[in-house]
Amino acid sequence: MTGFTQKIQNALRILLADDNAANQRLMRKILGRLGYTADTVATGAAALAAVHARPYDVLLLDIHMPEMGGLEAAQHIRAELPPERQPTIIALVTNSSAELREGCLAAGMDDWIEKPTPSSSENLRRLLAACPRLRL
């Protein structure tokens, strides 16, 4: 990886929202191997507060969290943030299905990825490489 590519990757502002500390550590490790860093929160409500406080390019949202799940948080983010502050939202799911994917898209998410597995690392790399950086 060239220094230029590394700088581009690190330039993405990523927020990871997952209530499971072990999943947070694993996702941060995977992100680190891919050249990214992320802020972390444990609830959808905390994710919503975080995006109001600071712009993020990408949100990785667990769909099942206390207080407010990722689907509900995505709906609030899409409704509350102005167009120029809208991040790419990627759902973190444990089991993928066509019905779940439709639910994620209906909630305003851009895509989904299964929670950390060996194959999800490549999928995550591909998704993040396609994410635009907000111009704020």
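**Entry 1: the sheet**

I started at strand β4 (residues 88-93), which pairs with β5 in the parallel sense over four bridges. I note the rule here: two strands pair if DSSP finds at least two bridges between them. Within this pair, Leu92 stands opposite Ile113 in β5.

The model is a predicted one, so I keep its limits in view: local features need pLDDT of at least 70, side-chain atom pairs count only at pLDDT 80 or more, and totals for chains, interfaces and linings use all residues. Residues are numbered from 1 along each chain as its sequence is written, and side-chain values use heavy atoms, with hydrogens and water left out.

I listed the elements. The chain holds six helices and five strands. Their order from the N terminus is α-β-α-β-α-β-α-β-α-β-α. Helices (H or I, at least four residues) and strands (E, at least two) are DSSP runs, numbered from the N terminus.

Contact here means heavy atoms within 4.5 Å.

β1, helix α2 (residues 21-33) and β2 form a right-handed β-α-β unit. I call a crossover right-handed if, with the strands pointing away from the viewer, the path from the first strand over the helix to the second runs clockwise.

**Entry 2: strand β1**

I followed β1 along both of its neighbours. It pairs with β3 in the parallel sense over four bridges, and with β2, also parallel, over three bridges. Ala17 stands opposite Leu61 in β3 and opposite Val41 in β2.

Are the faces of β1 covered or open? Both are covered: Ile14 and Leu16 on one side, and Leu15 and Ala17 on the other, are all buried. Buried means under 20% relative accessible area, exposed over 50%, partly exposed in between (1.4 Å probe, protein chains only). In a regular strand the side chains alternate between the two faces of the sheet.

I picked out Leu15, which lies in β1. Its relative accessible area is 0%. Leu15 and Val41 are 26 residues apart in sequence, yet their C-alpha atoms are 7.6 Å apart.

**Entry 3: salt bridges**

I count a salt bridge when a side-chain nitrogen of Lys or Arg is within 4 Å of a carboxyl oxygen of Asp or Glu. The count comes to eight.

Asp57 bridges to Arg13, with the closest N and O atoms 3.0 Å apart. Asp57 lies in the loop between α3 (44-53) and β3 (58-62) and Arg13 in the loop between α1 (3-11) and β1 (14-17), so the pair ties together parts that are 44 residues apart in sequence. Both Asp57 and Arg13 are buried.

Asp57 also meets Arg133 in a salt bridge (3.4 Å, N to O). This pair links distant parts of the chain: Arg133 sits in the segment after α6 (118-129), 76 residues from Asp57. Asp57 has a relative accessible area of 0%, whereas Arg133 is partly exposed at 32%.

I also looked at Arg125 and Glu122, which meet at 2.5 Å, N to O. They are three residues apart in helix α6, about one helical turn. Arg125 is partly exposed at 33%, and Glu122 is partly exposed at 45%. As for networks, salt bridges with shared partners join Arg13, Asp57 and Arg133 into one.

**Entry 4: chain totals**

Of the 136 residues, 47% count as buried. Among contacts with a separation of 6 or more, 63% come from residues 24 or more positions apart. The chain exposes about 6,900 Å², and carbon and sulfur atoms supply 54% of it. These areas come from the Shrake-Rupley method with a 1.4 Å probe; for residues, only the protein chains shown count as cover.
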